[in-house]
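I opened this model to look up its helix packing, its domains and the surroundings of its ligand. My entries follow in the order in which I worked.

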Amino acid sequence: MKKDDFRRMAQDANYIPGIYNYCDRWCERCAFTDRCMTFAMELEEDERQGGPPKNADEFWRRFESSLAMTQEMVMDMAKEQGIEFEAHELTELGRQQNQRHEEVKNHPLARAAFAYDQLVDDWFRTGQADLRAKEEEILAQAQLGVERVKEEVIGITDVVEIIRWYQPQIYVKLMRALDADKAFEARSEQPKDSDGSAKVTLIGMDRSIAAWLRMKEFFPDKTDSILTMLVHLDRLRRATEREFPVARRFVRPGFDTAS
Ligand code: SF4
């Protein structure tokens, strides 16, 4: 996408400014695709390139080019406002950011969120055979014409999709919340970006907890391992609420404002 296309879209009042900053990136399930500029840009790019990225290489190539354009635009905007960056200032900013990022990785919340990600992977790896057995059981029931089978298949698929979607995102969004420039946020009058990110991760935890509770109904013999997961996630959620006490009240553009 070219800078001019970006500017043209940015002037379209139909798009909700910044909605994509505090979403869960699950566009397939998002009610705001027609009001989201990021979604429209990706769609336009897919059309221009003859479809969505076919593999990881192509995805990263497109991602890098979009990042380069964003960077260029940020520099343009800074220049328009008379702000000039010296090369050594940018290097120093990058160094500080990297240092903060490394420190944040060791924050107890970040470590707990990372551990959750690993726990989920382990659960699915060790439970693969059980999931397959359940699938076969459901298929056999379907052949016998047992009612509500379809509903059950949809239920399990949904639960797995929810857990898998938020599994890495809880860590990523929590890292973003922890990684924020606290000094800058304290000086600013604006709502804190860290609270917005923390809210997104909290919602991901809420939905994951609800999904694990449903999973327990499908796999009662796995109650113990699921309870371990629930306890871990619930502790992480409460600790996140303590670290970001007003995050739940953060108003996300679109999701919390559109009627
Ligand atoms: S706001 Fe909705 S459509 Fe836009 S990026 Fe987020 S999930 Fe996708």
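This is a predicted model: local features need pLDDT of at least 70, side-chain atom pairs count only at pLDDT 80 or more; totals for chains, interfaces and linings use all residues.

Entry 1, the α5 and α10 pair. Helix α5 (residues 108–126) and helix α10 (residues 223–243) pack at about 160°, with axes 10 Å apart. Axes here are lines fitted to C-alpha atoms over the stretch in contact, and angles run from 0 to 180 degrees between N-to-C directions. The crossing of α5 past α10 is left-handed, meaning that the near helix is turned anticlockwise from the far one by less than a right angle.

I then listed the contact, with C-beta atoms placed from the backbone and lying within 7 Å. From α5, Leu109, Ala112, Ala113, Tyr116, Leu119 and Trp123 take part, and they meet residues of α10 including Met229, Leu233 and Leu236. By class, the contact of α5 with α10 has 10 nonpolar, three polar and one charged residues. Nonpolar covers Ala, Val, Leu, Ile, Met, Phe, Trp, Tyr, Cys and Pro; charged covers Asp, Glu, Lys and Arg; the others, Gly among them, are polar.

Residues are numbered from 1 along each chain as its sequence is written.

Among the contact residues are Leu202, Met205, Ile209 and Trp212 of α9, and Ile226, Met229, Leu230 and Leu233 of α10. I counted 11 nonpolar, four polar and four charged residues in the contact of α9 with α10.

I found 10 helices and zero strands in the protein, taken as DSSP runs (H or I, at least four residues; E, at least two) numbered from the N terminus. The C-alpha atoms fill a box of roughly 70 × 45 × 40 Å along the principal axes.

The protein is divided into domain 1 (3–84) and domain 2 (105–249), with bounds from an automatic or database domain assignment. Their centres, taken over C-alpha atoms, are 27 Å apart. Four residues of domain 1 are in contact with six of domain 2. The domain 1 side of this contact has two nonpolar, one polar and one charged residues.

Which residues are around the ligand? They are Ile19, Tyr20, Cys23, Arg25, Trp26, Cys27, Cys30, Phe32, Thr33, Cys36, Thr38 and Phe39, each with its C-beta atom, placed from the backbone, within 6 Å of the molecule. The shell divides into nine nonpolar, two polar and one charged.

Terms used: Two residues are in contact if their C-beta atoms, placed from the backbone, lie within 7 Å.
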